[in-house]
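Work through the exercises below with the sequence and the model open. Each task is followed by a solution in steps.

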Amino acid sequence: ATQKLFEELVLNWVKNNTSPNAKIMVFADPLFYIRSNRLPSSRPSSSLPFSWMPFEKIKPELAASPPDYWIIGRDFVRRVTEDYNEKIMVDFINEQLNKCYAKKYDTITWQIWQNHCKKI
């Protein structure tokens, strides 16, 4: 129940604080795109982590279309790292966040990061 509450808070934040034209990348449940009425910034945006495999082939595509906002589910990060052994994906996201993003919203289970290197 707590997870759903935090997800609703994050959805509401996105709906109330971003343009409907903002492009997002969700590192969590891909239904977030539909529920938030926002489009993904890049083609590999669902069926994570599988749609990002092999990651070395997907990485350039993701880097070429940086999102206006990263929406990150911490439980999903843990699962990708521990259950799927794909820490390389999480490392890439962290590298992107450190380079051009500022944390805008943070809960126990979710984070929203806004791109400050490009105009939105």
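Buried means under 20% relative accessible area, exposed over 50%, and partly exposed in between, with a 1.4 Å probe and protein chains only. The model is predicted: local features need pLDDT of at least 70, side-chain atom pairs count only at pLDDT 80 or more, and totals for chains, interfaces and linings use all residues. Residues are numbered from 1 along each chain as its sequence is written, and side-chain values use heavy atoms, with hydrogens and water left out.

**Exercise 1. Classify E86 as buried or exposed, and list its contacts.**

Step 1. E86 is found in the loop between α4 and α5; helices (H or I, at least four residues) and strands (E, at least two) are DSSP runs, numbered from the N terminus.
Step 2. The relative accessible area of E86 is 18%, so E86 is buried.
Step 3. Contact means heavy atoms within 4.5 Å. Apart from neighbours within four places in sequence, E86 is in contact with M53, V80 and T81.
Step 4. E86 and V10 are 76 residues apart along the chain, and their C-alpha atoms are separated by 25 Å.

**Exercise 2. Describe the largest nonpolar core and the contacts of I71.**

Step 1. A nonpolar core is a set of buried Ala, Val, Leu, Ile, Met, Phe, Trp, Tyr and Cys residues joined through side-chain atoms within 4.5 Å.
Step 2. The largest such core has 34 residues, of which F27, F32, W52, W70, I71 and I93 touch the most other members.
Step 3. At least two core residues come from each of α1 (2–17), β1, α2 (31–36), α3 (55–64), β3, α4, α5 (87–100) and β5. The most are given by α5, with six residues.
Step 4. Not counting residues up to four places away in sequence, I71 touches V10, V14, I24, M25, V26, F27, F32, W110, Q111 and I112.

**Exercise 3. Locate T109 relative to the largest pocket.**

Step 1. A pocket is an open set of points on a 1 Å grid over the protein atoms alone, where a 1.4 Å probe fits, with protein on both sides within 12 Å along at least five of seven lines; lining residues have an atom within 4 Å of a point.
Step 2. T109 is one of the residues lining the largest pocket, with Q3, E7, A28, D29, G73, R74, D75, F76, R79 and W110.
Step 3. The largest share of this lining, four residues, comes from α4.
Step 4. T109 is found in the loop between β4 and β5 and is buried, with a relative accessible area of 11%.
Step 5. Leaving aside neighbours within four places in sequence, T109 is in contact with Q3, F6, I72, G73, R74 and D75. T109 and T2 are 107 residues apart in sequence and 9.2 Å apart in space, C-alpha to C-alpha.
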